[in-house]
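Here is a friendly walk through a structure, from its chains down to a few helix pairs. Have the viewer open as you read.

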Amino acid sequence: MNAPTTVGALSPLKLADYAPVIGDGEIAEIQHLARALSGKRLKMVNSTAVGGGVAEILNRLVPLLNDVGLTTRWEVITGGEEFFAVTKAFHNALHGAPYQGRPEWIAAFLNTNEANRQRMQFDEEFVVIHDPQPIGLVNSRDGAPGRWVWRCHIDLSHANQDVWEFLRPFVEKYDASLFSSPAFTHGLSIPQFLFYPTIDPLADKNRDLEPEYIRKVLEEFGIDAKRPIITQISRFDRLKDPVGVVQAYRLVKKYHDCQLVLAGGGASDDPEGEAVLAEVREAAGKDKDVHILNLPPWSHSEINALQRGSTILVQKSLREGFGLTVSEALWKKKPVVASAVGGIPSQVIHKLTGMLVHSVEGCAYQIRYLLSHPDFARQIGEYGHQHVRENFLITANLKRYLLLFLILQRGR
Amino acid sequence: MAEPFQFVAASYLIRIRTERAQTLREMAQHLRGTSDESIFYHTFQSLETHHYSTFSSDFAQWVQAACNEHALAEQMATVDLRGIVSLSDLREKLAGFVEEHVAANPASGERKGFEPFHFCEAVEMTVPLDDWASSLAELADGIRRQSLHTLHYHFITSRLRLKLETNDFSHWVQHSLGRSDLAERLNGIDIYTNTLEGVREEVLATLAAGGAQ
């Protein structure tokens, strides 16, 4: 097994870069909080450096933490195919999928955690472990000086009890836990804090683009900019229900001459991606208006262009941790149709910042409604943008972490 | 010379508690038993975030949206927080409304809401800023310059912090500048049916009308 890796060469982000977006007052408040933590060290640990929402958040958050004076390292655990197959099964089970684990899976999970733990040092004042994959590293907490935090990005509201009860004793060894929604919590004996995931308005995925670039990207993918474009941006995962989106599109297509774009990739810790992609291709058949784009993880500008070039953005997940693509869409002032699961209702307030749905038919109906009422679609897009500005930007996440560390430092 | 006004930056981290209400009866029980910080969070703190929902009180919003009990929701939403100087008073009022409603409509007490209500509380962290005002004009400048969280702290949560039926700005204007008239006008600004940005604009307009140039 390879040694855990430190993720380097991150974006040279500065907090001051965000002043035009959030204002000088907010920047000054963040700097005040950070001053009280100046020189402290922090370690963030997760299981992948590329692909998926967690890696995206850390890729932007870690430079900002360093910029405000907290010396922050991001490390990624390593594991073999079996380990990631087990953690994928855990992930699905925690989202509510059936779980038929084998006893050797537990051993593979524990052994990989232990092997990583042996190779890592934890002498920082704060350690934040993301999601279940590296959860066992907390066994290093005894004797280490730092405060340990478990950040859960998963919707645990329908968690398989066997898997959750296996993980729970690990979780309760931490000093605090962070969840994306109150509904995801399980009455832990340690403090539970609400941490909305956030997007970066300056990232390639979200920054403003020239209309010419958007047109070029649509053209490259063979998408007709003159006809309505319905898009779901998500990795090819059954929990994102891409086949359900194809079914909704077919219902809409009876009324509107529209196109469907399903764009995403497989994260490096997701071995199911290829199989799901094949299912989606089969569901799409030979319809030339369905564009299935399996994009590499660095396609941020292309994804941005696809979102900005779309008429409506969809997130028809069956389960969701938070669904950052929804905030991305709202930031771009796009009308959004999304499932009322996980953290999505925090972002989409029905009929005000988007449309919430519960079925394929409901999804199709709301798409049709928005296509028929472009003024209303524009209005909810504007409200959505404002909602994200207030709640779901990376600067809010940075501030929450600073507050958390101050609270932990003071022993509250 | 008047005592200068010092701006304070207040930030909040939301702690998720273990109480969950599925029914109105459970809501009443938890309203009696949850922490003062939780009562505060779901009534005062929520003024900072509810721009789009019908009511600014989380409790009222849940009673309406999840339990479909509109009359009770209106009762809970329209408690005038400016007349409340202690959280125990507020707790008593809110729990009392729910208990009376359930007593009068027993079936409503056991009916499950569409989604549970999760009790939370805010952990406050304050940092005094190197930003002072010695005149109305400087106060207005500071209000314009500082974030909405700071405005929320001085104008809304101050009522409970100081157990005063007023806010930090009115208190300072009255006691340091001797402007009772202006203090009263500031205190009359409606904090419930407006966004925080809207509140800021009204505060600035009131200060301007009161002589801040």
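Two residues are in contact if their C-beta atoms, placed from the backbone, lie within 7 Å. Keep that cut-off in mind for the contact counts below. Please also note that this is a predicted model.

## Chain A as a whole

Let's begin with chain A, which holds 15 helices and 13 strands. Its C-alpha trace spans about 65 × 55 × 35 Å along the principal axes. A compact globule of 412 residues would have a radius of gyration near 22 Å, and chain A, with 21 Å, agrees with that.

## Two domains in chain A

How is chain A divided? Domain 1 takes in 5-198 + 393-409, while domain 2 covers 211-391. Between the C-alpha centres of these two domains of chain A there are 27 Å.

The domains of chain A touch through 21 residues of domain 1 and 21 residues of domain 2. On the domain 1 side, helix α4 of chain A (residues 81-94) gives the most, with four residues. That side of domain 1 of chain A has eleven polar, eight nonpolar and two charged residues.

## Where chain A meets chain B

Moving on to the contact between the chains, 26 residues of chain A are in contact with 18 residues of chain B. Which elements of chain A give two or more residues to this side? They are α2 (24-35), β7 (192-194) and α15 (394-409) of chain A. Of these, α15(A) gives the most, with six residues.

Sorted by class, the residues on the side of chain A that touches chain B are 14 nonpolar, seven polar and five charged.

## Chain B as a whole

Chain B has eleven helices and two strands. Read from the N terminus on, its elements follow the order β-α-α-α-α-α-α-β-α-α-α-α-α. The C-alpha trace of chain B spans about 60 × 30 × 30 Å along its principal axes. For 213 residues, a compact globule would have a radius of gyration near 17 Å; the 19 Å of chain B agrees.

Chain B, too, is divided into domains: domain 1 (11-121) and domain 2 (130-209). Their C-alpha centres in chain B lie 27 Å apart.

## Helices α7 and α11 of chain B

Now for a closer look at some helix packing. In chain B, helix α7 (residues 136-145) and helix α11 (residues 196-209) pack at an angle of about 165 degrees, and their axes are 10 Å apart. Because angles over 145 degrees count as roughly antiparallel, α7(B) is roughly antiparallel to α11(B). The crossing of this pair, α7(B) and α11(B), is left-handed.

From α7(B), the contact uses B:Leu136, B:Leu139, B:Ala140, B:Ile143 and B:Arg144. Their partners from α11(B) are B:Arg200, B:Val203, B:Leu204, B:Leu207 and B:Ala208. By class, the contact of α7(B) with α11(B) has eight nonpolar and two charged residues, and no polar ones.

## Helices α9 and α10 of chain B

Another pair to inspect is helix α9 (residues 168-177) and helix α10 (residues 180-187) of chain B, which pack at an angle of about 170 degrees with their axes 8 Å apart. That angle makes α9(B) roughly antiparallel to α10(B).

Which residues of α9(B) meet α10(B)? On the α9(B) side they are B:Phe169, B:Ser170, B:Val173 and B:Gln174, and on the α10(B) side B:Ser180, B:Leu182, B:Ala183, B:Leu186 and B:Asn187. The contact of α9(B) with α10(B) divides into five nonpolar, four polar and no charged residues.

Terms used:
Residues are numbered from 1 along each chain as its sequence is written. Chains are lettered from A and ligands numbered from 1 in the order in which they are written. This is a predicted model: local features need pLDDT of at least 70, side-chain atom pairs count only at pLDDT 80 or more; totals for chains, interfaces and linings use all residues. Axes are lines fitted to C-alpha atoms, for helices over the stretch in contact, and angles run from 0 to 180 degrees between N-to-C directions. Angles under 35 degrees count as roughly parallel, over 145 as roughly antiparallel, 65 to 115 as roughly perpendicular and the rest as oblique. A crossing is left-handed if the near helix is turned anticlockwise from the far one by less than a right angle, and right-handed if clockwise. Ala, Val, Leu, Ile, Met, Phe, Trp, Tyr, Cys and Pro count as nonpolar, Asp, Glu, Lys and Arg as charged, and the others, Gly among them, as polar. Domain bounds come from an automatic or database domain assignment. The radius of gyration is taken over C-alpha atoms; the globule rule is 2.2 Å times the number of residues to the power 0.38.
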